[in-house]
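Dear colleague,

Please find below the structure that I am handing over to you. I would be grateful if you could look through it together with the notes that follow.

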Amino acid sequence: MLILGLGLCLAGILVLRIALRQARRMALFSTAFWATFREFARYRFKRLWPAPLGLAGAILLIWGLVLLFSWLLAYYAARLGHPLG
């Protein structure tokens, strides 16, 4: 569970980092992008692909952190003599 949690955290960080870099590159964080979204909706909609990628990265990161935290709880519960379950 530890290795899986670490792997998911690293994958989530990597995907989130790629998504944020591409979102900055596509100017998703600028007001000009969103102010002109209605006028150029077809063009702007094609530029929104980093958003689902960022969401997937955040989900992977959270999932990995949950697994790491559950492993940590189980580790200390076993050390202190209070098994989970």
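This is a predicted model: local features need pLDDT of at least 70, side-chain atom pairs count only at pLDDT 80 or more; totals for chains, interfaces and linings use all residues.

Residues are numbered from 1 along each chain as its sequence is written, and side-chain values use heavy atoms, with hydrogens and water left out.

Helix α4 covers residues 50-80; helices are DSSP runs of H or I with at least four residues, numbered from the N terminus. The expected span of a helix is 1.5 Å times one less than its number of residues. For the 31 residues of α4 this gives 45 Å, and the end C-alpha atoms are 45 Å apart, which agrees. Just after α4, Gly81 has a positive phi of about 85°.

Buried means under 20% relative accessible area, exposed over 50%, and partly exposed in between (1.4 Å probe, protein chains only). In α4 the buried residues are Pro50, Gly54, Gly57, Gly64, Leu67, Leu68 and Ala77. They pack against α1 (2-25), where contact means heavy atoms within 4.5 Å.

Rings of Phe, Tyr and Trp (its six-membered ring) pair if their centres lie within 6.5 Å; planes under 30 degrees apart count as stacked, over 60 as edge-to-face and the rest as tilted. There are five aromatic pairs by this rule. One of them, Phe33 with Trp34, is edge-to-face, at 4.9 Å centre to centre and 80° between the planes. Phe33 and Phe37 have ring centres 6.1 Å apart and planes at 55°, so this pair is tilted. Phe33, Trp34 and Phe37 form one aromatic cluster. Phe33 is buried at 2% relative accessible area, whereas Trp34 is partly exposed at 45%.

Yours sincerely

Notes:
Helices (H or I, at least four residues) and strands (E, at least two) are DSSP runs, numbered from the N terminus.
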